[in-house]
There are 2 protein chains.
Amino acid sequence: MFKVIGERINTSRKLVQAAVAERDADYIVADVKKQQEAGADYIDVNAGARIGHETDDMKWLLDIIQPIVNLPLSLDSPDPAVLEMAFKRVEKPPMINSISLEKERFDAMMPFLEGKNCKVIALCMDDAGIPDCPEDIQDRAKNLVEELNKIGIPTNCIYVDPLIQPISTDSNKGIMVLSAVRSIKAEFPGVHILGGLSNISYGLPERKIINQTFVAMMMGAGMDSAIIDPLDQKLMATIRTADMLLSHDNFCVNYLRGVRSGAIKS
Amino acid sequence: MFKVIGERINTSRKLVQAAVAERDADYIVADVKKQQEAGADYIDVNAGARIGHETDDMKWLLDIIQPIVNLPLSLDSPDPAVLEMAFKRVEKPPMINSISLEKERFDAMMPFLEGKNCKVIALCMDDAGIPDCPEDIQDRAKNLVEELNKIGIPTNCIYVDPLIQPISTDSNKGIMVLSAVRSIKAEFPGVHILGGLSNISYGLPERKIINQTFVAMMMGAGMDSAIIDPLDQKLMATIRTADMLLSHDNFCVNYLRGVRSGAIKS
């Protein structure tokens with residue numbers, strides 16, 4: 001089954017930032033509840049946008065969010081000190097968002113991750129920047145999986161992010177990442193593949209049809225997780241439909257339930 | 001680029017049958033023009049439904065359709081005598097719909113196809129019935145490609161139809177055909193893959209979202225043609241978007257043109 005990481009609680013979003021600045025807990029509670037009802041599997045929490053306030057903002061957000069959800073959280077920060085504090089405040093093993101091969105980030109994150117019971121998002125990014133061919137992506141994925149395995153993170157707890165890039169910048173960005181995902185899944189069948197889906201449509205009009213079409217293609221290639229807005233009903237319907245088509249929905253039970261509830265419609 | 005074979009001129013459709021029975025040329029002309037405008041690459045013509053009238057109905061249809069389109073036609077009949085007559089009436093090398101491995105059909109079609117300048121739809125069907133595993137589909141595809149090559153039909157003129165089957169009958173029907181398509185394309189990179197797309201959603205509600213999601217997955221796996229209704233605007237928009245994502249649309253020109261014309265919208 002595809003895992004949806006709800007992206008909405010992020011202080012780079014204007015209304016969330018305002019709610020955090022004003023300590024408006026009701027706004028946060030309502031948003032998180034909506035994400036949960038819409039079918040999120042993880043709630044991402046990112047408090048990085050208000051410079052100098054990340055620790056306090058993250059603490060405040062977690063203290064509000066943890067009591068009201070049964071879902072695990074995705075702790076979204078590049079700062080291991082913030083993550084250590086956050087890790088102690090969550091009830092279920094969280095997703096850690098994220099490690100990469102950029103030297104500074106890698107060196108900071110590895111000691112934090114060692115021995116932790118968590119899932120990890122592993123970005124295929126290094127100090128040379130974003131990858132520009134499938135082999136590049138695959139090499140970085142391999143490197144990340146092997147390094148994480150060494151510190152006790154099993155392959156099935158790793159969510160490789162191949163870095164979906166805008167098709168508007170280069171026509172080959174779609175087939176590049178599709179091909180990389182197939183190779184990574186062939187080499188590490190147990191690894192998960194996650195993507196920042198909406199990047200694909202950056203700079204183009206009518207972005208939703210691009211995101212819907214691409215998520216179906218990527219799921220066919222092996223992507224089984226994404227950081228998205230779970231309130232995007234058509235995208236969620238496409239994901240549920242794709243799950244059915246990929247044999248993750250015996251007797252189409254979830255699909256039919258989605259149709260009956262009105263969540264899935266053509 | 002994906003090739004769309006417009007399926008509407010088929011006497012098994014009630015209004016088409018009535019128009020053919022009454023020799024209502026205006027109805028046929030209008031329908032074909034709509035398919036052409038909507039972006040069909042071939043117009044399929046099937047006159048099989050009125051028993052005893054196939055030859056006359058096919059002749060009448062071709063005499064009306066040929067003068068008004070620039071597109072090649074897809075001649076849709078199991079009867080080589082009908083196809084011989086039809087082949088002489090078309091201006092551009094047609095698609096022949098279809099050959100299969102069913103002995104009677106195979107033996108009848110091979111002499112007709114030998115030495116002809118045409119495309120051929122090759123159904124992965126034999127006398128044992130529809131295939132029930134990816135290897136079955138792949139074996140039949142290989143058999144068809146090799147036999148057709150022997151009589152002078154080059155691989156890039158062959159459109160293998162892996163027989164898309166309803167997901168409602170078995171959860172594995174989607175991954176079965178996806179896996180088969182990948183294997184066939186790996187073995188014969190030049191071959192085309194075509195599908196009767198709407199079969200996937202047979203028996204389920206809200207069929208359009210299933211068809212849209214599945215066409216994107218199948219295109220990601222290598223399907224590059226389908227027999228569909230080109231007037232299904234959302235499906236056509238998904239196909240155009242998928243073509244862009246698969247690097248068949250430099251600088252997103254076709255996509256942007258589609259958005260401007262209103263044909264592509266989220």
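Guide: Helices (H or I, at least four residues) and strands (E, at least two) are DSSP runs, numbered from the N terminus. By that rule Cys252(A) is found in the loop between H9 and H10 of chain A, and Phe251(A) has its place in that loop too, between helix H9 (233–245) and helix H10 (253–261). The model is predicted, so local features need pLDDT of at least 70 and side-chain atom pairs count only at pLDDT 80 or more, while totals for chains, interfaces and linings use all residues. Residues are numbered from 1 along each chain as its sequence is written, chains are lettered from A and ligands numbered from 1 in the order in which they are written, and side-chain values use heavy atoms, with hydrogens and water left out.

Visitor: Why is Cys252(A) called buried?

Guide: Buried means under 20% relative accessible area, exposed over 50%, and partly exposed in between (1.4 Å probe, protein chains only). Cys252(A) has a relative accessible area of 3%, and therefore it counts as buried.

Visitor: What makes Phe251(A) exposed?

Guide: Phe251(A) has a relative accessible area of 71%, which is over the 50% limit, so the residue is called exposed.

Visitor: Which peptide bond of chain A is described as cis?

Guide: The bond that joins Asn97(A) and Ser98(A) is cis, with omega about 20°, and Ser98(A) has its place in strand S4 (residues 95–100) of chain A. In chain B, the peptide bond from Asn97(B) to Ser98(B) is cis, with omega near 20°, and Ser98(B) lies in strand S4 (residues 95–100) of that chain.

Visitor: Why is chain A called as compact as a globular protein of its length?

Guide: Chain A has ten helices and eight strands. Its radius of gyration (taken over C-alpha atoms) is 18 Å, close to the 18 Å that the globule rule (2.2 Å times the number of residues to the power 0.38) gives for 266 residues, and so the chain is as compact as a globular protein of that length. Buried residues make up 56% of those 266 residues.

Visitor: What is Gln212(A) in contact with?

Guide: Contact means heavy atoms within 4.5 Å. Not counting residues up to four places away in sequence, Gln212(A) touches Lys234(A), Leu235(A), Thr238(A) and Lys234(B). Gln212(A) is in helix H8 (residues 207–221) of chain A, and at 8% relative accessibility it counts as buried.

Visitor: How many residues of chain A are in contact with chain B?

Guide: In chain A 41 residues are in contact with 41 residues of chain B. Buried area is the accessible area (1.4 Å probe) that two parts lose on being put together, summed over both; for these chains it is about 3200 Å², 69% of it on carbon and sulfur atoms. On the chain A side, Ile209(A), Met217(A) and Leu245(A) lose the most area to chain B, together 21% of what that side buries.

Visitor: Why is Glu187(B) called partly exposed?

Guide: Glu187(B), found in helix H7 (residues 173–187) of chain B, has 31% relative accessibility, which lies between 20% and 50%, and so it counts as partly exposed. Leaving aside neighbours within four places in sequence, Glu187(B) is in contact with Gln138(B) and Lys142(B).
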